[in-house]
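Work through the exercises below with the sequence and the model in view. Each task is followed by a solution in steps.

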Amino acid sequence: MATEKIRILIVDDIADTRENLAKLIGFEPDMAVAGTAGGGQEAVAMAKKERPHVILMDINMPDMDGITATEIISNTVPESPIIMMSVQGEQDYLRRSMLAGAREFLVKPFSADELINSIRHVHELEKVRRARYAPQQQAAAAAGASAVAGAPETGKIITFFSPKGGVGRTTIATNLAVALHQSTGKDVVLVDGSLPFGDIAVILNMSPKAKTIADLIGSFELADADIVESILVQHSTGIKVMLAPPTPESTELITGAHIKHVLELLKQRYAFVVVDTWPSFQEQVITMLDVSDVILTLMTLEITSLKNVRVFMEIAEKLGYGNEKVQLVANRNDSSGGIKASDVEASLGRKIPHTIVSDGRTLVLAVNRGVPFVISHRDSQVSKDIFTLAAKLSGGSEEPAAAGAGAKGAKQASGGLKLFGAR
């Protein structure tokens, strides 16, 4: 019986390079070219369609760079290991490639022997990985199927994402979490999933010595609901908070699997799990998006934000996220000089179901005081927009569940002007 050939997808924006690599692979009797792609977006689509054994990925490409494509493919087609290729041999490129999920890194120009040996090495490692983890995956699937019938009701994971920074994502996520608790009276947990540089502790004026998700490093696999609960911080507004690591270095020790495990445990205990992220397609962020019930894609009505959101919508479609899951939120909707919301909707071919007015003065005052503006400035239009958003997501009333809860929270949370370097 003939041995199955190693099927390889070649990704490079230069046609001559793709052709030369295909010729080298063609000389090997145990290898075959599964396809070629001239850019990152095409590579993502072909990887999902062809499911190659190995992918050769260039870094610098015009539509979507190889590192971004690698992050997406590593999470959507994990059985296809990636070898990164680049004329850039700097340590930073190597580090970013490996963090994105690449298995090996080849610096151009490389020899035919280096290429072929790398392909065989990565393919053999993947075969070993599959043999090792397949029995565990089958057992987990069987256990999950047997538990479906008696599964208890779980909460809703609402994740904020923006492909571009500076759109107010963290501030809106924080205030939505408080508004959900105020308007429904249900348990809400706010997760600072912006792992490298989370700001929720600053916005809520929380102690820099508080526990964070980094306290679970080394014990994620053993953590149960009680252990996860032990690292949450109670805030005076009534919500619980899971803070980001105190230093960016800890982020590399937290995997997508760790994030998924934690969020699934929180979903069992809390009616709403509000997650902040950061502009990236790294494994941790893709995992947060995957497990979410709703992804609130925050944007501002300006051309650069529109361009980035359009790219994300294309990626979301390839990842299988439906229109109900991915919902657009136009922040600073009435800012002067912005594009009309109707023009944005026409350009994206999607409705913008949620809008939030621009009120920079209120937001700055609230952040400087460490009090969410839905409490300190409840009668402002921006607060009303947040409560409207909360009502749409919860299916309930826009009014707080208990009168006076906001004023009490404001009094407890207020601590005057805080030092931003106290994190």
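**Exercise 1: His354**

His354 has a relative accessible area of 5% and is therefore buried (under 20%; exposed is over 50%, partly exposed in between, with a 1.4 Å probe and protein chains only). The model is predicted: local features need pLDDT of at least 70, side-chain atom pairs count only at pLDDT 80 or more, and totals for chains, interfaces and linings use all residues. Residues are numbered from 1 along each chain as its sequence is written, and side-chain values use heavy atoms, with hydrogens and water left out.

Task: state which strand holds His354 and which residues it is in contact with, leaving aside neighbours within four places in sequence.

Solution. 
- Step 1. The strand is β13, residues 354–355 (strands are DSSP runs of E, at least two residues; helices are runs of H or I, at least four; both are numbered from the N terminus).
- Step 2. With those neighbours set aside, His354 touches Leu296, Gln327, Leu328, Val329, Ala330, Leu389 and Lys392 (contact means heavy atoms within 4.5 Å).

**Exercise 2: Ser376**

Solution. 
- Step 1. Ser376 is found in helix α14, residues 373–376.
- Step 2. Neighbours within four places aside, Ser376 is in contact with Ala366, Arg369 and Val371.

**Exercise 3: helices α2 and α3**

Task: describe how α2 packs with α3 and what the buried residues of α2 pack against.

Solution. 
- Step 1. The axes of α2 (residues 40–50) and α3 (residues 66–76) are 9 Å apart, at an angle of about 15 degrees (axes are lines fitted to C-alpha atoms over the stretch in contact, and angles run from 0 to 180 degrees between N-to-C directions).
- Step 2. The two helices are therefore roughly parallel (angles under 35 degrees).
- Step 3. Gly40, Ala43, Val44, Ala47 and Lys48 of α2 meet Ala69, Ile72, Ile73 and Thr76 of α3.
- Step 4. Buried residues in α2 are Gly40, Gln41, Ala43, Val44, Met46 and Ala47.
- Step 5. These buried residues pack against β1 (6–11), β2 (31–37), β3 (54–58), α3 and α11 (303–318).
- Step 6. After α2 comes Arg51, with a positive phi near 50 degrees.

Definitions and conventions:
Parallel < 35°, antiparallel > 145°, perpendicular 65-115°, else oblique.
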